[in-house]
Amino acid sequence: MHLGLPTFRGGTHPPEMKELSRDLPVEVLPVPELLACSLSQGIGAPARPVVGVGEEVRRGQLIAEAGGFVSAALHAPTSGKVRSIGECPHPVGLRANAIFIEPDGADEWHPDARQELGEEAALALDAKEIVSKVQAAGIVGMGGAAFPTHVKLSPPPDKKIDTVILNGCECEPYLTADYRVMLERPGEIVKGLRLLVKAVGASRGIIGVEANKPEAHERLLREVRGVEGLSCRMVAVKYPQGAEKQLIKALLNREVPSGGLPMDAGALVQNVGTSVAVWEAVASGRPLTERVVTVSGECVERPGNLLCRIGVTLGDLLAARGVRAGARRLISGGPMMGLAQWNPEVPVMKGTSGLLVLDEPAPPEHVACINCGKCVEGCPAHLMPNRLSTMGERRNWEAMMDWNVLDCIECGVCTYQCPAKRPIVHWIKQGKNELRLLKIRAEAEKKKKEAPEGVPAE
Amino acid sequence: MFAANFLLLLAAAESGANMIETVAWGGGVMAAIGGALGLLLFVASRAFAVQVDPRIEAINAALPGVNCGGCGYPGCSGYAEAVVNEGVAVNLCAPGGAEVAGAVAGVMGVAVDDSDRKVSVLACRGTREFTSDKFEYFGVKDCRAANLVHGGAKSCRFGCLGLGSCVEACPFDALVMGADGIPHVIEELCTGCGKCVTACPRDLFTLRGEKQNVVVVCASHDPGKIVNRACKVGCIGCRKCEKTCKFDAIHVVDGLATIDYDKCKHCGACVKACPRGIILNFRGARRARKERLEKAETAAAREAR
């Protein structure tokens, strides 16, 4: 155990499996024949297309504007022609519209996306300019949740953020995309962090790196040395150390209140990859059009870390790295929180951190909860997943609400540890969804009651 | 008894017999306290009695007592209170049917608006034979949970997921999961309570009334090409039904045949025209059931005689 290293209460230690791809430098994936740029890249309203079918676009050109404040703009990942705009599968399962671009092979940048500022000038920008450049570049959180970054950078005036945390934990097994970015681009990570600290008016920036990545820690430490207010700290190796609330607890010893956001604890957490994207957007005016994706798992012939354009499909990645016989699961993201996929036409999103092909067999039938308490011990959100699971099994959604189901971060520790093999997180996700539907129904009924009588139901 | 006790007490006090005296005193005092409290309770029960409308109890007795909630009130007693206090309709009890509606109406002294018996019908015939799975689903065996994972494994995004959330929700065992992978409604047992309607994540159940004999049993709004790939018994929007109908009662709306029951005459022309066989006519089944019920009734009457 890494005694003495900061961490949180609970958690677990799944096999890391990072040796498959951790020592492989980032490779550039050639641009495929068709790119599917989903209009629903992250949390929030889908983007609105601003280009028409048949139109020529160049890399970095705005092709869809944000559909609201909590929404991110979308840019052409390469130069080419818009083939169509229509339905496209989405990793979350619902269908979303996408702009399909046929690359012309030239991969030419749009002039708007080449506004080199230079390091000095970029670091001298004020907070407002940084946020507006981040917003224009369509940056979302690249750790997985894909929350628009400019929203996180614009907290309400009564919320004071004093610390920006860069998340370099990458606690999900198999994934090494962030690790490679930390090794290969530490300078840009730290410069991005300086911009983030400035953007929210914080006084310090901390990079948290799990203790199983000493090389990354060392390189970042070298970069932050001499920069006022910045530090790089090691945290214990434990899943889910990279969850933002757990990282805040480890580094600042502050608890994000129930139902609250990191800003309620005076902190802002960003992924290291996002920091690089922020630096690129501000210093070079380059919008987010590519990201590093780890392609790994027992059933991938040549695992690796690929720098690919937003919009390549999972099928393109699999074709590039080869799939072995016996593959049973396709997962977008890590094995703990990632989403199982079935359709190779699903495109890579701004928040896609990995693609895993595993031979994991079907889980055994679950049995009744034996109340061993392993899930309670492991829950980093201090919930009682055993109780929540039985409530879910009996469809007692209201009771789940009383047991704070909405504080669940869906990290999957409970399900991973459960000796009765109960699909606890699935019940919790269903419970959250049912509670949402119940709320909608209750609000509709309330509205109906409040409506003046005598008005026809039509 | 009190008097006897008292006499004993007095006697004991006079005789000066120590032990008997003590016991008797104790008993006497307890009896006195008991009597006083009893009197108090008696007075309180009269003074603070809660007046219950006898009609609520009468209605409660007439209701089936299954507490299905199909009426929209919390259980049978909740409905009984609502009928008396809020004046809601007397025929909301689906399981009870006309008989209970009559009884409730009798208590309330009103006439029943003859309630239309409703039965549930599933708008999908996509059995395993006609559909396929997009992927292997390992999660919670519940349609609502499965629907959250890429909209379920079934090839059709509108069709029945076949995990039986409706079967579990039915309080009357009127739904059974068939070996073919979709649930079947046992019309004899269905009371039209509507539990399956809310349980289904895809809104595939409708409560079919007396006038809705002809039903389209598909819910897919996808274009014909996609439907064809997903399911062999899905509505492809070919409009044959529309062209056959003499009463302008069936139209393909948003890729799905939809019947206007104000115009439908249950002639069954569309049933024959549908190339997918997904328009069903329940008129025959309904008549057969009616005849069967009448026969049973006359037999019962004969036996009673």
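Visitor: What distance separates the centres of domain 1 of chain B and domain 2 of chain B?

Guide: This is a predicted model, in which local features need pLDDT of at least 70, side-chain atom pairs count only at pLDDT 80 or more, and totals for chains, interfaces and linings use all residues. Residues are numbered from 1 along each chain as its sequence is written, and chains are lettered from A in the order in which they are written. Chain B is assigned domain 1 (55-108) and domain 2 (119-288), with bounds from an automatic or database domain assignment. Taken over C-alpha atoms, their centres are separated by 31 Å.

Visitor: How many residues of domain 2 of chain B are in contact with domain 1 of chain B?

Guide: Contact requires C-beta atoms, placed from the backbone, within 7 Å. Domain 1 of chain B contributes five residues, and domain 2 of chain B contributes seven.

Visitor: How many residues does chain A bring to the contact with chain B?

Guide: Chain B supplies twelve residues to this contact, and chain A supplies eleven.
The count asked for is eleven.

Visitor: Are α5(A) and α8(A) roughly parallel or roughly perpendicular to each other?

Guide: Helices are DSSP runs (H or I, at least four residues), numbered from the N terminus. The axes of α5 (residues 186-200) and α8 (residues 272-284) of chain A, lines fitted to C-alpha atoms over the stretch in contact, come within 7 Å and cross at roughly 75 degrees. Angles from 65 to 115 degrees, on a scale from 0 to 180 between N-to-C directions, count as roughly perpendicular. The two helices are therefore roughly perpendicular.

Terms used
Two residues are in contact if their C-beta atoms, placed from the backbone, lie within 7 Å. Angles under 35 degrees count as roughly parallel, over 145 as roughly antiparallel, 65 to 115 as roughly perpendicular and the rest as oblique.
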